[in-house]
Amino acid sequence: AGRFEREAQVVTGVFCHTAIESAKADKDVAIMKHMKQHQVQKEAFEAIFQEIDSDSSEYVSLQELQAAMSNPKMASLMQSLDISTQDVWTLFMVLDENMD
């Protein structure tokens with residue numbers, strides 16, 4: 001192999017290495033963004049549940065959920081998080097431990 005071919009192989013190797021490192025960095029950034037988004041959503045849900053839990057019992061009753069969802073502000077907040085009213089009721093029924 002001539003000098004030109006060896007140089008081309010080196011350049012190709014460097015390019016491939018750089019591309020691989022860049023892809024890894026992009027993946028790491030995507031993972032970090034996803035983790036941050038997850039944390040923000042978790043904090044938003046904690047705040048929502050604290051607001052719904054009007055008696056501060058750390059449990060949300062069906063009555064508290066009904067009252068919260070009848071509030072247009074809460075319904076709008078849920079919709080802004082891409083959560084439909086039906087999804088809220090379904091989630092509540094699935095998670096309701098004592099069926100009240």
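**Exercise 1. Identify the partner of Lys-42 in a salt bridge and describe the setting of the pair.**

Solution. Lys-42 forms a salt bridge with Glu-46, and the closest N and O atoms are 3.8 Å apart. The criterion is a side-chain nitrogen of Lys or Arg within 4 Å of a carboxyl oxygen of Asp or Glu. By this rule the count comes to one salt bridge. The structure is a predicted model, in which local features need pLDDT of at least 70, side-chain atom pairs count only at pLDDT 80 or more, and totals for chains, interfaces and linings use all residues. Residues are numbered from 1 along each chain as its sequence is written, and side-chain values use heavy atoms, with hydrogens and water left out.

Next, the position: because Lys-42 and Glu-46 are four residues apart in helix 1, about one helical turn separates them. Helices are DSSP runs (H or I, at least four residues), numbered from the N terminus.

Finally, the accessibility: Lys-42, at 43% relative accessibility, counts as partly exposed, and Glu-46, at 40%, also counts as partly exposed. The classes are buried (under 20% relative accessible area), exposed (over 50%) and partly exposed in between, with a 1.4 Å probe and protein chains only.

**Exercise 2. Determine how the axes of helix 2 and helix 4 are arranged and which residues meet.**

Solution. The axes of helix 2 (residues 62-69) and helix 4 (residues 85-95) come within 12 Å and cross at roughly 170 degrees. Helix 2 is therefore roughly antiparallel to helix 4, a class that requires an angle over 145 degrees. Axes are lines fitted to C-alpha atoms over the stretch in contact, and angles run from 0 to 180 degrees between N-to-C directions.

From helix 2, Leu-62, Leu-65, Gln-66 and Met-69 meet Thr-85, Val-88, Trp-89 and Phe-92 of helix 4; contact means heavy atoms within 4.5 Å. The contact residues divide into six nonpolar, two polar and no charged.

**Exercise 3. State which elements build the largest nonpolar core.**

Solution. This core has ten residues in all, among them Leu-65, Met-69, Val-88 and Phe-92. Such a core is a set of buried Ala, Val, Leu, Ile, Met, Phe, Trp, Tyr and Cys residues joined through side-chain atoms within 4.5 Å. Helix 1 (3-52), helix 2, helix 3 (72-80) and helix 4 give two or more residues each, and helix 2 gives the most, with three.

**Exercise 4. Characterise the backbone at Ser-56 and Glu-58.**

Solution. Phi is near 55 degrees at Ser-56 and near 70 degrees at Glu-58. Most residues other than glycine have a negative phi. Ser-56 is exposed at 60% relative accessible area, and Glu-58 is exposed at 74%.

Technical notes:
Angles under 35 degrees count as roughly parallel, over 145 as roughly antiparallel, 65 to 115 as roughly perpendicular and the rest as oblique. Ala, Val, Leu, Ile, Met, Phe, Trp, Tyr, Cys and Pro count as nonpolar, Asp, Glu, Lys and Arg as charged, and the others, Gly among them, as polar.
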